[in-house]
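Good morning, colleagues. Please take a moment with the sequence and the structure before I walk through the core, the disulfides and the annotated spans.

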Amino acid sequence: MTAFTTYQYGFKVTRESDGKFYFTYNPSDNSELMRFQITWNGFEEQKRWNETAKKWQVMQLQPSEDCETYNYCGNFGVCTPSGSPKCRCMQGFGPRHPDQWRLGNWSGGCERRSPLQCQRNNNSGGEDGFKTLRSTKLPDFADVQSISSDPCRETCLNNCSCKAYAYVSGIQCMIWNGDLIDVQHSVDGGNTLYIRLADSEFGRSRMPTYVIILIVLAGLAFLAISIWLLWMLKRRLKVLPAVTPACTSSTCELPVYDPSKSKEFSTDASGSTDLVIEGSQVNGSDLPMFNFNCIAAATDNFSEENKLGQGGFGLVYKVSSYVVDVSEYNRS
C-alpha cells in the first residue's frame, strides 16, 4: 500500500507527446482542502484546512533532514538518513569527483566503473546482470509498463539505455532509461530496485583463453625442470654400501670402508692420528660410517643422560661402548 500511495497520490510529473511537462498533485481525499507553500527559507509546507478550528494546519515540512533535499547524493548515489557518511555510491559505481566526495560534497554523484556489454566496442564478456537494492525510495522519471516481473527484466536487459528496473504491486513494471536520481535507503518500507551492472562486477568474468594457456605451459615447464633437477641430484648422491641393519645395546658390528675399493675417498693424509683396523692403516680423513641403529644403541636412544653438550654442528652425546669391526675391537 505504501508504494501505491507514493505513486498514485501526491505530486506527479507527466510528459506529454508534445514534449511539455506537467507537474500535478492528486489528493487521496478530494473532500479535503489542501495548500502548498514555499517559505522564505526554502522549505515546502503542506497545509490542510481545519474546518473546526477555522485555520490552516501544517501537515508536513520538507525537507525534514538532509536526505529529503532533492538528489542530495547526486546521480547514482544513495542517501541513508542514519548513515555515516550519509551518501554512498551504488554497487558498481564510484564517485565522479573523489576529492569533493571526501570533503563531504556529494552533489557530483557517481559514475559507472565497468561499461555494460552493449557499451563495449568488442561486445565481449558475459551477459549483464542485476544487483538488488532493497528498502529503497525509487528514483524519479520511470517509464511504466503493464507487464509482469520476468518480462520486465528482459525488457530492461534488451535495452542498452536501461539502467534499472523495479516491479511494484499496483504499478507493475517500472524501467529507468536515464540516470538514477534522488535514491534513498529506507530502514522501514520502501521497494526493491534492480540495478543493471556489467558481468565483471559480479566476480564471475572468465579469464582470457591465452592467459589460461600461458599458465598451463608455465606449470608444465616448472614440473619438467623439477624432475630434471631431482634426477641430477640423484646421480650426484653417493651410493653407500650396505651397513649392519641392526645393533644391540651391548655390541655393534661396524663396517669399515676400504679406500682401495672406492674412488670417493681421499688418499691424502690429514692429521697425525690414524686408526689401525685389521692390520691396515686408515688415514684420519677416511672415517668409518655407522648406521643409525648402531648410533641409537650406543647413545641409549639419544638419552638426555648421555648428552654432553651442543656444538656448531649439533648435539654431542657420550657413547657407552661399541665394536669397531668384525674382529670385535673394543673401545670405551
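Let me begin with the largest nonpolar core, which has 25 residues. The members that touch the most others are Met90, Phe93, Leu138, Trp176, Leu180, Leu193 and Ile195. Please bear in mind throughout that this is a predicted model. Two or more residues of the core come from each of strand 6 (77-79), strand 7 (87-89), strand 12 (164-168), strand 13 (172-176) and strand 15 (191-197). There is also a second, separate core of 8 residues, and Phe130, Cys156, Leu157 and Ile175 are among them.

I turn now to the disulfides, of which the structure holds 6. I shall discuss three of these.

Cys73 and Cys87 have their sulfur atoms 1.8 Å apart. Cys73 sits in the loop between strand 5 (55-62) and strand 6, while Cys87 belongs to strand 7, so this link joins parts 14 residues apart in sequence. Both Cys73 and Cys87 are buried. The S-S torsion of this pair is about -80°, and the disulfide is therefore left-handed.

Strand 7 also carries Cys89, whose partner Cys110 lies in strand 9 (residues 110-112), so that this pair ties together parts 21 residues apart in sequence. Here the sulfur atoms are 2.0 Å apart, and a torsion of about -85° makes the disulfide left-handed. Cys89 has a relative accessible area of 16% and is buried, because the cut-off for buried is under 20%. Cys110, at 0%, is buried too.

Finally, the annotated spans. An unreviewed UniProt entry annotates residues 63-99 as "domain: EGF-like". In the model, that span is 5% helix and 24% strand, with its end C-alpha atoms 27 Å apart. The UniProt annotation "transmembrane region", also from an unreviewed entry, covers residues 210-231. Residues 210-231 are 100% helix and 0% strand, and 32 Å separates the end C-alpha atoms.

Terms used: Residues numbered from 1 in each chain as written. Predicted model: local features only at pLDDT ≥ 70, side-chain atom pairs only at ≥ 80, totals over all residues. Heavy atoms only, no water. UniProt positions renumbered as here; feature names shortened; annotations may be inferred. Helix = DSSP H or I, 4+ residues; strand = E, 2+ residues; numbered from the N terminus. Core = buried A, V, L, I, M, F, W, Y, C linked by side-chain atoms within 4.5 Å. Buried < 20%, exposed > 50% of the residue type's maximum accessible area, 1.4 Å probe, protein only. Disulfide = S-S within 2.5 Å.
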